[in-house]
Amino acid sequence: MNTPREYKYNNSTLRVIFGDILDSKAEVIVSSDDTGISMSGGVSKAIRDAGGEIIHEDAKKKLPAQVGDVIVSTAGNLEHQKYVFHCLTLDFDHKIEVFEGKVTNTEDMNNYIIQHSVDKCFRLMQALDLHSIAFPCIGVGLARIPIKQLAVNLADVISSNLFKTQKSYEIELYLFMSTGYDHNRLALSEMDYIDMFENFAIKAALYQYEQKQASKALAKDTDGNRQLAVADIPKREEMHHQVFISYSRKDADAANAIREILEQNGISYWIDKEGIFSGENYKEVIVDAIETSKAVVFVSSVHSNASINVIRELGYSVQQNKTIIPIMLDDTPYAKSVRLDISDIHQIEFHGDSSSGKEIVTSILYVLGLTKDE
């Protein structure tokens, strides 16, 4: 077996491994399967053979489910695992109603499958208080998801989930299966996974760079005169805002104009004015601010849709079932990683005038269940 490659994110570790996923000692092992959970080939069959028919029987009890969903089942006779997470990457009946109005091509559909199924795996880990998981290359078998597309999406979704938590997770990604698995018709070699290595390396390097930049920002306040003290960090119990504002610092003028509109109409908000709460030690502040809010205002622009911090905030807001209110500064398309989650939400075009300001206030009050008089 080749030496695993390791990538660090906060307190978590991602290990990319060439080898047999059944050798993993992680609490969860992930299976890639169809919406009927046939477990008839590849990783899913190997798990079924090793863990027993009880895994198959238990998983099928949780049906029906759609592409992109994750089914949780017993781990049966598997020695180390507590659960099997079945990522549904293929529908033999071609029933893809879940994509109606959201995707127009196979590439977008594959992006949806990878992003949503892996995101749900992380949410399930949190709900079940689990700390380790082993992924195969989901969807590259019968679902025929191209390895390059899988590389980009896996790097995005795994990295973003590890970026935004201080919890300690052990993530394993097994790149190919042993020769005993007869379905591996793709015959992938280490060279075929160069994109996978590069994407994770880029994400890890970007994370390290952002932490250094954030640390510099944390060293000074807005006047650049003093170090940020622990007392300056807002506590969750002190947060009583109604709205969280997610924006790029490059759009500060527009964000301030929106903030003033909220103030004038008695709507409380939380905004990270100087980006000082984007550092490693202050991510919990962002998490608390989102969880405490009742709605999230997304100031959408060419800058915010290219900002990894904004995308993280939106991704977490979606996970927390927060109502998102997009305010459009320009016609830039949403970032791919959040496009499917918010593409059907009503957009407000912001021109800085009273008309767009009134629409913002009306939309927020509606979400809050209030009227203007209240």
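Colleague: Among contacts between residues at least 6 apart in sequence, what share join residues at least 24 apart?

Modeller: The share is 70% in the protein chain. Keep in mind that this is a predicted model. The chain holds 10 helices and 12 strands, and buried residues make up 53% of its 374 residues.

Colleague: Why is helix 3 called roughly parallel to helix 4?

Modeller: Helix 3 (residues 106-127) and helix 4 (residues 147-163) pack at about 30 degrees. Angles under 35 degrees count as roughly parallel, so the label applies to this pair. Their axes are 10 Å apart, and the crossing is right-handed.

Colleague: What makes up the contact of helix 3 with helix 4, by residue class?

Modeller: The contact residues divide into 8 nonpolar, 6 polar and 3 charged. On helix 3 they include Ile-114, Val-118 and Phe-122. Helix 4 contributes, among them, Leu-150, Leu-154 and Val-157.

Colleague: How do you know that Cys-121 is in no disulfide?

Modeller: The nearest cysteine sulfur belongs to Cys-87, 3.6 Å away. A disulfide needs the two sulfur atoms within 2.5 Å.

Colleague: Why is Cys-121 called buried?

Modeller: Its relative accessible area is 0%. Buried means under 20%, so Cys-121 qualifies.

Colleague: And what makes Cys-137 count as buried?

Modeller: Cys-137 has 10% relative accessibility. The cut-off is under 20%, therefore Cys-137 counts as buried too.

How values were computed
Residues are numbered from 1 along each chain as its sequence is written. This is a predicted model: local features need pLDDT of at least 70, side-chain atom pairs count only at pLDDT 80 or more; totals for chains, interfaces and linings use all residues. Side-chain values use heavy atoms; hydrogens and water are left out. Axes are lines fitted to C-alpha atoms, for helices over the stretch in contact, and angles run from 0 to 180 degrees between N-to-C directions. Helices (H or I, at least four residues) and strands (E, at least two) are DSSP runs, numbered from the N terminus. Angles under 35 degrees count as roughly parallel, over 145 as roughly antiparallel, 65 to 115 as roughly perpendicular and the rest as oblique. A crossing is left-handed if the near helix is turned anticlockwise from the far one by less than a right angle, and right-handed if clockwise. Contact means heavy atoms within 4.5 Å. Ala, Val, Leu, Ile, Met, Phe, Trp, Tyr, Cys and Pro count as nonpolar, Asp, Glu, Lys and Arg as charged, and the others, Gly among them, as polar. Buried means under 20% relative accessible area, exposed over 50%, partly exposed in between (1.4 Å probe, protein chains only).
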